[in-house]
Amino acid sequence: MKIGVVTFPGSLDDVDAQRAVRIGGNEAVALWHGDADLKGVDAVILPGGFSYGDYLRCGAISRFAPAMGKVVEAARAGMPVLGICNGFQILCESHLLPGALIRNDHRKFVCRDQLLRIENNRTAWTSAYDQGQEIRVVLKNGEGGFVADTETLARIEGEGQVVARYLEVNPNGSLNDIAGVTNERGNVVGLMPHPEHAVEELTGSGLDGLGFFTSLVEGAFA
Amino acid sequence: MPKPEILDPQGKAVQGALPRLGFTGVTDVRQGKRFEIELEGEVTDAVLAEVEKMAETLLSNPVIENYTVSVEQ
């Protein structure tokens with residue numbers, strides 16, 4: 001499948017995401033934030049980084065990039081979209097996902113190999129995992145605290161929209177240890193940790209992140 | 001401003017620093033943002049409505065923040 005990776009000014013992990021897409025058996029297509037053109041891709045990844053220097057709020061300015069107009073439109077029509085870290089923040093700012101990400105409760109940047117539990121393997125991006133599977137991938141963020149009002153939190157818990165949860169420690173003060181969420185349809189997923197850094201033995205903490213990049217293909221042939 | 005129910009780590013940091021400087025009696029600190037927007041022409045209701053739209057669309061995230069608009073001539 002053709003998976004586009006959008007590069008914003010200040011994106012850091014776009015090339016790693018493209019690499020993970022290829023290792024996952026897909027074709028990676030570089031997309032530019034300033035082009036309102038998704039080049040016919042089947043899915044889109046919004047990578048990690050510090051787009052627009054995190055000015056105003058993380059993801060707040062990127063949300064209005066020409067490419068994002070197309071991404072929002074396509075996501076609403078059912079196209080799979082994965083936002084990692086800053087990409088997750090952009091998806092929340094775009095209101096494609098519930099809640100928001102705020103500064104870590106301990107106010108420090110955190111960088112660690114983080115254990116997660118896959119809570120929902122019915123999304124476009126997590127079908128390669130077993131329900132309840134525990135995976136370890138890199139987490140690195142300064143503003144990764146997932147928050148939502150009580151009603152929203154109850155709804156996403158009740159509807160199974162929590163995709164992944166932090167185990168062992170809550171690294172950033174996220175409510176209910178939430179590391180990732182999906183929309184009602186399951187095509188849009190936001191994740192604070194970085195599965196694209198755990199796809200090769202040579203680098204990273206292992207291969208546990210690969211499932212996020214093989215799920216689409218497995219889903220297509222299932 | 002961050003909504004009352006949303007944790008404000010920056011405000012907490014400031015609150016922690018004040019007693020260390022000898023300022024006592026502070027029970028809470030919340031940190032927000034202020035934008036000063038200059039407009040051409042008269043501030044009519046239509047112009048104010050446009051500013052409200054700016055606040056809601058870009059300047060604040062209504063999921064976690066409240067905002068107020070005030071006019072200074």
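In this predicted model, A:Val44 stands opposite A:Val81, a residue of strand 4 of chain A. The pairing that surrounds this position links strand 3 (residues 43-46) of chain A to strand 4 of chain A through three bridges, and the two strands run parallel. Between them the chain passes from strand 3 of chain A through helix 2 (residues 66-76) of chain A to strand 4 of chain A, in a β-α-β crossover that is right-handed.

**Helix 1**
- In helix 1 (residues 14-23) of chain A, the buried residues are A:Asp14, A:Ala17, A:Gln18, A:Ala20 and A:Val21.
- These residues lie on the same side of helix 1 of chain A, because the arc that they cover around the axis is only 160°.
- After helix 1 of chain A comes A:Gly25, which has a positive phi, near 90°.

**Contact between chains A and B**
- Chain A contributes 13 residues to the contact, and chain B contributes 10 residues.
- On the side of chain A that touches chain B, the residues comprise six charged, four nonpolar and three polar.

Terms used: Residues numbered from 1 in each chain as written. Chains lettered and ligands numbered in written order. Predicted model: local features only at pLDDT ≥ 70, side-chain atom pairs only at ≥ 80, totals over all residues. Buried ≥ 20, exposed ≤ 12 C-beta atoms within 10 Å, placed from the backbone. Helix = DSSP H or I, 4+ residues; strand = E, 2+ residues; numbered from the N terminus. Arc of directions from axis to C-beta. Contact = placed C-beta atoms within 7 Å. Nonpolar A, V, L, I, M, F, W, Y, C, P; charged D, E, K, R; others polar. Pairing = 2+ DSSP bridges. Right-handed = clockwise from strand over helix to strand, strands pointing away.
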